[in-house]
Amino acid sequence: MPLSPDFKRAIFAQTTGERDVVLFTITHPRWTDTLRLSTDQTVQNGEDPETAEPIWGTWSRGEFYRYLPISPTVPSSSDEEAPAGSVSISNVGNAVSPYLQIVDSTYPRVTVEVVMSSTPDIVEQCWPELDLTQASWDQVLADITFGMDTANREPCPWLRFVPAYFYNLTS
């Protein structure tokens, strides 16, 4: 996916008011809600009903991504290995751990997107449908590793040599 000219200009500028924002969308079949997280406090979106503290986050394409203090490592883009990345999330008010506690043998799916703070509806970079491969958490921090793990679960080869499939080779 090519980067937009505005994104390139912001990356190479000596100083700029632009910020890159990393958006995480995490889904699992057992979850009733999709977990959407942002690395930036772009706008305030009401108050938490329990603590009355403001809820900050980013609106992108009609969805609200909640801000939490996040230290992301975006997936690698190497030709030699599958994309893999990680994220450390300050588990503010246990916002993430309730989701992770009900994960079963099915991997949660993670989509990582990079947008600019001024144009959050335009996705500059995207790594769709990665597997959440490992997670550990406590009351303070949640560490999540994600990557393209489907190659490890797929049977290889998917098609075995059976004369019925390759009748020209055996005749």
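**Exercise 1.** Decide whether Asp40, which has 11% relative accessibility, counts as buried or exposed, and find the residue with which Asp40 forms a salt bridge.

*Solution.* The structure is a predicted model, in which local features need pLDDT of at least 70 and side-chain atom pairs count only at pLDDT 80 or more, while totals for chains, interfaces and linings use all residues. Residues are numbered from 1 along each chain as its sequence is written, and side-chain values use heavy atoms, with hydrogens and water left out.

Step one is the classification: Asp40 counts as buried at 11%, since buried means under 20% relative accessible area, exposed means over 50%, and partly exposed lies in between (1.4 Å probe, protein chains only). Step two is the partner, which is Arg19, with the closest N and O atoms 3.0 Å apart. This pair links distant parts of the chain, because Arg19 sits in the loop between α1 (5-12) and β1 (20-27) and Asp40 in the loop between β2 (35-38) and β3 (43-47), 21 residues apart. Arg19, at 39% relative accessibility, counts as partly exposed.

**Exercise 2.** State how many salt bridges the rule gives, and work out which parts of the chain the bridge between Arg61 and Glu113 ties together.

*Solution.* A salt bridge is a side-chain nitrogen of Lys or Arg within 4 Å of a carboxyl oxygen of Asp or Glu, and the count by this rule comes to five. The side chains of Arg61 and Glu113 meet in one of them, at 2.8 Å from N to O. Arg61 lies in the loop between β4 (54-60) and β5 (63-67) and Glu113 in strand β8 (residues 109-116), so the pair ties together parts that are 52 residues apart in sequence. The two ends are classified separately: Arg61 is partly exposed, with a relative accessible area of 39%, whereas Glu113 is buried, with 8%.

**Exercise 3.** Name the strands at the edges of the ten-stranded sheet and explain why one side of each is left without a neighbour.

*Solution.* The order of this open sheet, which has mixed pairing, is β3-β4-β5-β2-β1-β8-β9-β10-β7-β6. β3 and β6 (70-73) stand at the edges, each with a single partner strand, so one side of each has no neighbour in the sheet. Two strands pair if DSSP finds at least two bridges between them, and four bridges join β6 to strand β7 (residues 84-90), the two running antiparallel. Within this pairing, Pro72 stands opposite Val87 in β7.

**Exercise 4.** Determine how many aromatic pairs the whole structure holds, and why the pair of Phe24 and Phe146 is edge-to-face.

*Solution.* A search of the whole structure finds three such pairs. Rings of Phe, Tyr and Trp (its six-membered ring) pair if their centres lie within 6.5 Å, and planes under 30 degrees apart count as stacked, over 60 as edge-to-face and the rest as tilted. The rings of Phe24 and Phe146 have centres 6.2 Å apart and planes at 65 degrees, so the pair is edge-to-face. Phe24 in strand β1 and Phe146 in strand β10 (residues 141-147) are 122 residues apart, and the pair links distant parts of the chain. Both Phe24 and Phe146 are buried.
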